[in-house]
Amino acid sequence: MSEQYTEDLKLPQHIAIILDGNGRWAKKRKMPRGYGHIVGCDNLEKMCDIIADMGIKYLTVYAFSTENWKRSEEEVKGLMDLFRKYLKRCLKKAKRNQMRIRIIGDPSALDADIQESIRVLEESTKDYDRMFFQIALNYGGRDEIERAVTKIAEDARSGKLPEGRITGEVFEQYLDTAGIPDPDLMIRTSGELRLSNFLLWQLAYSEFYFTDVPWPDFNRDELMKAIEKYNGRDRRFGDAK
């Protein structure tokens with residue numbers, strides 16, 4: 001797809017992606033599900049380069065949900081081992097793209113070494129500002145809201161919050177995504193037509209794009225199809241006619 005064509009399109013400032021279909025992609029090729037996750041992880045690195053080079057400022061991806069713990073012990077272990085390797089590789093990718101990385105979700109359920117890798121990654125990339133990359137790891141939209149409400153209640157009891165109505169602006173500061181604009185476009189790969197507990201507050205006004213293409217096969221051309229659809233929609237808010 002030509003650069004001129006890309007320039008003719010209005011790019012979303014923030015894209016959120018549900019990285020779906022890795023296991024099914026592998027099964028279709030008579031390979032173990034873990035192989036699909038490895039290929040999907042490699043593809044995420046490629047897509048980060050593509051999205052950064054296009055000038056899209058924010059990318060948030062759904063890597064591991066609070067519900068994913070229900071998968072087989074073998075698959076969960078494989079995913080955790082993959083995250084260990086990926087988080088370390090992210091340092092090089094972040095430096096190349098001047099990309100600040102933030103992990104959203106509840107890291108407390110993760111092994112100590114993974115939590116330490118998250119700390120190092122976030123600290124090492126905190127001054128980068130060419131692109132902002134959020135990885136949802138042990139994340140659930142309902143869990144995020146519950147944690148935010150709990151913290152608000154604690155701050156209200158301790159006097160850190162003034163009495164009165166809690167506005168949306170105040171509430172957002174307690175979410176994992178505090179300081180990050182809401183996604184303009186949400187993409188889900190591999191044919192499923194649901195949010196699966198992803199960014200329930202933040203996606204209230206986002207455009208949705210669903211594709212049958214599994215994540216390992218999702219590439220720049222597929223991304224441009226999503227952006228083209230996004231450009232064809234009349235984004236109106238509230239009572240605008």
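The following paragraphs lead through a predicted model, from its sheet to one proline and then to its aromatic pairs. Local features in this predicted model need pLDDT of at least 70, side-chain atom pairs count only at pLDDT 80 or more, and totals for chains, interfaces and linings use all residues. Residues are numbered from 1 along each chain as its sequence is written, and side-chain values use heavy atoms, with hydrogens and water left out.

The sheet is open and has 6 strands in the order β3-β4-β2-β1-β5-β6, with parallel pairing; strands (E, at least two residues) and helices (H or I, at least four) are DSSP runs numbered from the N terminus, and two strands pair if DSSP finds at least two bridges between them. Because β3 (99–104) and β6 stand at the edges with a single partner strand each, one side of each is left without a neighbour in the sheet. Neighbouring strands are turned by 20° against each other on average, direction ignored. Strand β1 (residues 14–18) pairs with β5 in the parallel sense over 4 bridges, and Ala16 stands opposite Met186 in β5. Helix α3 (residues 33–54) lies across β2 (58–65) and β4 (131–139), running at about 150° to β4; axes are lines fitted to C-alpha atoms, for helices over the stretch in contact, and angles run from 0 to 180 degrees between N-to-C directions.

Pro183 is placed in the loop between α7 (168–172) and β5 (185–188). With a relative accessible area of 5%, Pro183 is buried, a term for values under 20%, whereas exposed means over 50% and partly exposed lies in between (1.4 Å probe, protein chains only). Leaving aside neighbours within four places in sequence, Pro183 is in contact with His14, Ala16, Leu199, Gln202, Leu203 and Ser206, contact meaning heavy atoms within 4.5 Å. Pro183 and Gln13 are 170 residues apart in sequence, yet 7.5 Å apart in space, C-alpha to C-alpha.

The structure also holds 10 aromatic pairs, where rings of Phe, Tyr and Trp (its six-membered ring) pair if their centres lie within 6.5 Å, and planes under 30 degrees apart count as stacked, over 60 as edge-to-face and the rest as tilted. Phe171 and Trp201 form a tilted pair, 4.6 Å centre to centre with 50° between the planes. Since Phe171 lies in helix α7 and Trp201 in the loop between β5 and β6 (207–210), the pair ties together parts that are 30 residues apart in sequence. Phe171 is buried at 9% relative accessible area, while Trp201 counts as partly exposed at 33%.
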